[in-house]
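Please look through the sequence and the model first.

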Amino acid sequence: MPASGATTRSSAKRDALLDTAEGLFARHGYRAVGIDTVLAAAGVAKMTLYKHFRSKEELIAAVLERRGNAIAAGLAQRIATAPEDPGTRLLAVFDWLEQAVRSPQFHGCLFIKAASEYPAAEDLPRQAAEAFKQACRDRLEGLCRDLAVADPEGLARQLQLLFEGALVVAFLQRTPLAAADARRAAEALLASAPPAGQADGGQR
């Protein structure tokens with residue numbers, strides 16, 4: 001059954017709120033951006049905000065969830081279009097990262113910023129950030145298992161350190177070289193990872 005005009009308008013206003021909020025939060029941080037600023041920039045009324053979100057924290061969590069879904073889709077596409085070699089498919093994650101940090105829209109990691117500004121375990125933004133980072137770790141671990149290495153969990157942890165570190169350095173030093181360096185380090189890790197059936201080489 002097709003959506004009604006009212007439903008479509010409501011969804012459009014929600015999307016406008018999320019688009020505007022994401023841009024403002026990315027550039028200025030979460031706590032520095034007030035709800036009134038978001039509403040003015042999005043051109044919607046406060047009643048519209050609270051129709052969709054019960055609080056600013058819920059809005060932030062929704063922004064992070066949507067951003068996380070977009071990133072997951074982009075990564076999945078990049079991996080799917082890479083050659084079928086498991087190592088090449090894993091390194092495609094770092095190829096995606098290098099492209100991401102070169103984008104003019106890159107202002108640091110929204111998820112790391114959320115966890116920093118909302119440190120309590122019960123904070124919705126932190127929960128959304130943790131869920132996304134765990135999903136990233138799970139994806140890396142799945143790719144590592146395709147490599148048939150002795151310690152896929154340990155290798156995934158090391159690769160995540162490279163990935164997250166590159167995000168931070170790329171933002172702090174305003175250089176995409178961090179992602180290229182992380183890819184080269186990932187290549188070295190893959191080359192040195194003991195195959196399944198051998199000792200884990202101290203990765204744990």
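**Pockets and core of the predicted model**

Q: Which residues lie nearest the centre of the second largest pocket?
A: This is a predicted model, in which local features need pLDDT of at least 70 and side-chain atom pairs count only at pLDDT 80 or more, while totals for chains, interfaces and linings use all residues. Residues are numbered from 1 along each chain as its sequence is written, and side-chain values use heavy atoms, with hydrogens and water left out. A pocket here is an open set of points on a 1 Å grid over the protein atoms alone, where a 1.4 Å probe fits, with protein on both sides within 12 Å along at least five of seven lines, and lining residues have an atom within 4 Å of a point. Of the 15 lining residues of the second largest pocket, those nearest its centre are Gly68, Asn69, Ala131, Phe132 and Ala135.

Q: Which element gives the most to the lining of the second largest pocket?
A: Helices are DSSP runs (H or I, at least four residues), numbered from the N terminus. With eight residues, the element that gives the most is α4.

Q: What is the volume of the largest pocket?
A: The lining of the largest pocket has 24 residues, and Arg67, Ile71, Gln105, Phe106 and Gly108 are the closest to the centre. A volume is the space filled by probe spheres set on the grid points, which are joined across faces, edges and corners. For the largest pocket this comes to about 520 Å³.

Q: Is Glu141 buried or exposed?
A: Glu141 lies in helix α7 and, leaving aside neighbours within four places in sequence, is in contact (heavy atoms within 4.5 Å) with Pro152, Glu153 and Ala156. Buried means under 20% relative accessible area, exposed over 50%, and partly exposed in between, with a 1.4 Å probe and protein chains only. Because its relative accessibility is 17%, Glu141 counts as buried.

How values were computed. Helices (H or I, at least four residues) and strands (E, at least two) are DSSP runs, numbered from the N terminus.
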